[in-house]
Amino acid sequence: MLQNLAGPSGATLPLTLGTYAFLISLLSVFYISNASLILSHYDLGWHLAAGDLIRSEAHVPFQDPWSFTLGTKQWFNLSWLWDVIASLIFQYAGYGGLVGLVVVCGALIVGYLTSACLAVGASSLAVCIAIFMTCLLYPAYEAAPNTYLAASPNVATMLFSVIFYRECLQSKKLLLLPLLMILWVNLHGGFVLGFMILAVFGGGALLRRDWNRLRAIAVAGIGCFAATFVNPLGWHIYQGVTETLGHFIQGNIGEWLPYSHNIEIPGSIPGMAYILAFVALELRYGISTKIRLEPRILSWVFLALGLHQFRYMSFFFIFSTLPVALHLDWILPKQLQQRLVQRVLMTAAIVGVCVLPLTFLQIGPALALPEMLSEQDAEYLQTHLSHARVLNHWNVGGYLILLTHGSVPLFVDGRAATAYPDELLRDYFRLVHSEVDEGTWDEVLEKYHIDAVLWLKGHEQLRQFLVEKRGWKEEHTGLYESVYTRPAMGR
């Protein structure tokens with residue numbers, strides 16, 4: 001029976017309301033206070049530009065209109081719907097609207113995780129501790145721009161994976177999952193994670209010989225598979241996914257590299273401490289704690305995947321929340337009065353709700369994209385290098401698209417293998433080393449008939465190579481970037 005908490009007027013409130021209010025309000029304050037990191041994703045620029053393009057042309061383009069290196073490559077925009085939504089929000093609500101969208105997604109993730117933990121019998125205090133820790137950690141703000149609660153389509157995968165996880169735990173609304181999959185498949189290529197979650201829960205039902213549950217999961221899985229074809233790319237959506245997963249490009253992108261490569265000291269210490277605590281709790285209380293097999297499998301699988309590739313560590317934090325909450329119940333005092341706990345949590349939640357708008361007002365005026373490429377830089381490029389062939393650094397490609405909309409054709413950007421030929425990507429990554437290989441640079445500059453180079457201005461060896469050895473001119477220097485032009489371009 002659902003217990004209730006009496007309020008001052010005699011009305012009753014659900015005994016768990018304080019838990020939800022505490023977690024959602026205070027974690028939302030934390031997310032808003034990190035608004036600058038929410039906007040720091042290098043790909044945000046091209047996502048906004050893609051949304052503008054789709055809205056203006058009323059269809060999803062299958063070829064990239066912004067670069068001069070695409071060749072015959074088809075562009076697989078796996079996030080077209082997110083791009084359109086972000087474009088609309090940005091048009092009417094600016095950067096604050098984008099931050100608000102991400103914070104709402106974060107709040108929904110908190111709500112679904114709280115529901116999942118409470119549904120399996122974890123105490124409110126244990127749930128608060130477990131979820132507060134994991135929801136501080138999984139965004140990975142210390143590893144910016146490799147963040148996972150940010151203004152990028154990946155936020156859709158974070159949210160829908162939690163929804164699928166929660167619904168598979170209770171098995172009451174499994175037939176709603178195909179409808180959610182129609183959204184997910186058009187928002188982000190991470191939709192394939194939904195099938196992994198269904199497979200794990202289906203395997204658990206099979207081991208328990210719970211045939212009714214297995215049948216329901218199988219029907220939901222078939223429905224989800226059919227739903228994935230409701231997208232502009234049709235069956236080619238899977239071709240687009242494979243252009244990313246397992247591609248050689250992953251070895252050159254930070255989020256696909258091992259966890260050890262992305263460790264930041266002291267920022268990563270809390271995450272590493274949580275990982276060790278999870279392992280210790282599992283070893284100490286794993287047998288005595290009654291935890292369903294599926295959450296435990298997902299936790300350990302994604303811990304292993306996260307150590308191998310950093311981007312999966314966020315899913316470990318999320319899926320481990322339920323086991324950690326149940327383990328904590330063995331440690332926390334048993335005699336705590338739930339009504340008292342809820343009053344304390346509700347009081348803290350009220351403070352959080354009051355602080356929330358004040359935090360937004362404080363950070364609101366400073367909201368902007370990172371100054372990797374300023375409007376002044378873009379204006380210079382448009383004025384002097386319109387329609388020139390610019391070899392740009394990967395990190396500024398998305399911003400170049402947003403600020404110039406193709407008037408300055410670019411060499412490469414974060415869309416990687418979903419928009420660029422493999423040969424082009426291999427050529428680019430031959431260049432990105434601290435030590436300049438002069439032969440490689442000469443080869444690439446001539447092969448692609450490069451007129452100008454837009455590169456990090458701190459790369460002194462490149463400046464010496466281009467300016468002092470090849471006679472190029474450093475025409476423009478911004479806050480983070482320098483523009484080098486061929487001698488003929490300067491005349």
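**Close-up 1. Arg-415 and two tryptophan rings.** In this predicted model, Arg-415 lies over the face of Trp-75, 4.9 Å from the ring centre. Now look for Trp-46: the charged end of Arg-415 sits over the ring of Trp-46 as well, 5.8 Å from its centre. Phi of Ala-416 is near 50°, a positive value in a residue that is not glycine. Ala-416 belongs to the loop between helix 17 and helix 18, and with 7% relative accessibility it counts as buried.

**Close-up 2. An edge-to-face pair, Phe-411 and Tyr-448.** How far apart are the ring centres of Phe-411 and Tyr-448? The distance is 5.1 Å centre to centre, and with 85° between the planes the aromatic pair is edge-to-face. Phe-411 is in the loop between helix 17 and helix 18 (422–429), while Tyr-448 is in the loop between helix 19 (438–447) and strand 4 (452–456), so the pair ties together parts that are 37 residues apart in sequence. Are these two residues buried or exposed? Phe-411 is buried, with a relative accessible area of 0%, and Tyr-448 counts as buried at 11%.

**Close-up 3. A tilted pair, Tyr-428 and Trp-455.** The ring centres of Tyr-428 and Trp-455 are 6.0 Å apart and the planes meet at 45°, so this pair is tilted. Tyr-428 is in helix 18 and Trp-455 in strand 4, which makes this a link between distant parts of the chain, 27 residues apart. Both Tyr-428 and Trp-455 are buried. For the structure as a whole, the count comes to 35 aromatic pairs.

**Close-up 4. Asp-422 and His-247, brought together by the fold.** Asp-422 has its place in helix 18. Along the sequence, Asp-422 and His-247 are 175 residues apart, yet in space their C-alpha atoms are 9.4 Å apart. Asp-422 counts as partly exposed, at 30% relative accessibility.

Close-up 5. How many disulfides does the structure hold? The number is 0. Cys-128 is in no disulfide either: the nearest cysteine sulfur, in Cys-117, is 10 Å away. Cys-117 is buried, with a relative accessible area of 1%, and Cys-128 counts as buried at 3%.

**Close-up 6. The second largest pocket.** This pocket has a volume of about 340 Å³. Of its 15 lining residues, the closest to the centre are Tyr-95, Leu-369, Leu-373, Glu-375 and Leu-403. Helix 4 (80–119), helix 16 (375–384) and helix 17 (394–404) are the elements that give two or more residues to the lining. Sorted by class, the lining has 9 nonpolar, 3 polar and 3 charged residues.

**Close-up 7. The cavities.** The count comes to 2 cavities of 30 Å³ or more. The largest cavity holds about 90 Å³ of space. Among the residues that line it are Leu-137, Glu-142, Tyr-148, Tyr-259 and Phe-310. Helix 13 (residues 313–319) gives the largest share of this lining, 3 residues. By class, the lining of the largest cavity divides into 7 nonpolar, 4 polar and 1 charged. In the second largest cavity, the space is about 30 Å³, and its lining includes Val-60, Asn-77, Trp-80 and Pro-232. Here the lining has 6 nonpolar residues, 3 polar and no charged ones.

Close-up 8. Start with the peptide bond from Ala-144 to Pro-145, which is cis, with omega near 10°. Pro-145 is in the loop between helix 5 (124–137) and helix 6 (154–170). The peptide bond from Ile-265 to Pro-266 is also cis, with omega near 10°, and Pro-266 is found in the loop between helix 10 (236–242) and helix 11 (269–285). Finally, turn to Arg-209, which has a positive phi of about 55° although it is not a glycine. Arg-209 is in the loop between helix 8 (192–208) and helix 9 (211–227), and at 63% relative accessibility it counts as exposed.

Definitions and conventions:
Residues numbered from 1 in each chain as written. Predicted model: local features only at pLDDT ≥ 70, side-chain atom pairs only at ≥ 80, totals over all residues. Heavy atoms only, no water. 1 Å grid on protein atoms, 1.4 Å probe; cavity = no way out; pocket = protein on both sides within 12 Å on 5 of 7 lines; lining within 4 Å. Points joined across faces, edges and corners; volume = space filled by probe spheres on them. Helix = DSSP H or I, 4+ residues; strand = E, 2+ residues; numbered from the N terminus. Nonpolar A, V, L, I, M, F, W, Y, C, P; charged D, E, K, R; others polar. Disulfide = S-S within 2.5 Å. Buried < 20%, exposed > 50% of the residue type's maximum accessible area, 1.4 Å probe, protein only. Phe/Tyr/Trp six-rings, centres within 6.5 Å; stacked < 30°, edge-to-face > 60°. Lys NZ or Arg CZ within 6 Å of the ring centre and 35° of its normal.
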